Amino acid sequence: MNTRGLMSMLAAVVLAVGLTGCGEQPQVVSYEQGKYQGKADSQPWDNPVFKGDKAAWELAMKNRTRGQNEYNRTQ
Amino acid sequence: MGRMKFLCDAERCIECNGCVTACKNENEVPWGVNRRRVVTINDGVPGERSMSVACMHCSDAPCMAVCPTNCFYKAEGGVVLHDKDLCIGCGYCFYACPFGAPQFPNGPSAFGERGKMDKCTFCAGGPEETGSKEEYAKYGSNRLAEGKLPACAEMCSTKALLAGDSAAVSDIFRDRVLRRGKGLEAWGWMTAYGAEQKEGAK
């Protein structure tokens, strides 16, 4: 093989090695929110106290929360 | 119902630890675990301030994001709960939580020895039958299902610790601050409490 052949072969190898960088894949794993894997929980109004009445539960909670404001009680 | 939140008024907290005791008693929390703690800044220095801290039931909870077994879920009102049957006690949630809420009954010890994670449930029990022995043994009392607020807030003698729908709690706090005429100058006040909120707002 003459010098010219050797040079073109070398250039081809360098080009091939250089191009390997272009094929790099992203290394960062994309985050995905996990999904709950445990047992299902019941709603707080699904019990003998509220008998499935969501509105009654919400009203009870609202009254209880408002009861924390002592200004409502003292004035 | 909007989002369930705690709010601790540092101007009112007297560091009595009544909330801590109420929580321990209500939920029969195991030795070594404090679901709620009172933190004091500048203890002993005039002007010291105390805050009652537990799980803040974050809207975008980091514990949920890092759990490798996906044992966390959001119950009604955004209360962050977890299934102890799935918990492997890895402690990732402990490192992720900015409030130090996740606790381990056998900690501090190596992974596998710590036991199942335990934290504040907003007195909402867990994924077992409501009011059952199993629910009480694993997660404690389910006061929310009885139409009650968490024991810590209801026990607070100075009403420094408030719990409930975030909009209603904000309204109470706003009313308080306006009456005492101090605190309005705090950075971010107008954003957080400036306008009256509608109860149940998301």
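**Close-up 1. Salt bridges across and within the chains.** The structure, a predicted model, holds 18 salt bridges over all chains, a salt bridge being a side-chain nitrogen of Lys or Arg within 4 Å of a carboxyl oxygen of Asp or Glu. Local features need pLDDT of at least 70 and side-chain atom pairs count only at pLDDT 80 or more, whereas totals for chains, interfaces and linings use all residues; side-chain values use heavy atoms, without hydrogens and water. Residues are numbered from 1 along each chain as its sequence is written, and chains are lettered from A in the order in which they are written. A:Lys39 forms a salt bridge with B:Glu128, with the closest N and O atoms 2.5 Å apart, and this pair crosses between chains, from the loop between α1 (3–19) and α2 of chain A to the loop between α3 and α4 of chain B. Helices (H or I, at least four residues) and strands (E, at least two) are DSSP runs, numbered from the N terminus.

Close-up 2. B:Arg143 forms a salt bridge with B:Glu26, the closest N and O atoms being 3.7 Å apart; because B:Arg143 lies in the loop between α4 and α5 of chain B and B:Glu26 in helix α1 of chain B, the pair ties together parts that are 117 residues apart in sequence. B:Arg143 also meets B:Glu154 in a salt bridge at 2.5 Å, N to O, and B:Glu154 lies in helix α5 of chain B. B:Arg143 counts as buried at 10% relative accessibility, whereas B:Glu154 is partly exposed at 26% (buried means under 20% relative accessible area, exposed over 50%, partly exposed in between, with a 1.4 Å probe and protein chains only).

**Close-up 3. The aromatic pair of B:Phe6 and B:Phe122.** These two rings form a tilted pair, 4.6 Å centre to centre with 40° between the planes; rings of Phe, Tyr and Trp (its six-membered ring) pair if their centres lie within 6.5 Å, and planes under 30 degrees apart count as stacked, over 60 as edge-to-face and the rest as tilted. B:Phe6 is in strand β1 of chain B and B:Phe122 in the loop between α3 and α4 of chain B, 116 residues apart. Both are buried, B:Phe6 at 9% relative accessibility and B:Phe122 at 0%.

**Close-up 4. The surroundings of B:Lys119.** B:Lys119 is buried yet has no salt bridge, and the nearest side chain of opposite charge, B:Asp118, is 8.9 Å away. The side chain of B:Lys119 reaches the backbone oxygen of B:Val80 at 2.5 Å.

How values were computed: Lys, Arg positive; Asp, Glu negative; His and termini not counted. Polar contact = N/O pair within 3.5 Å; in protein donor to acceptor, adjacent residues only side chain to side chain.
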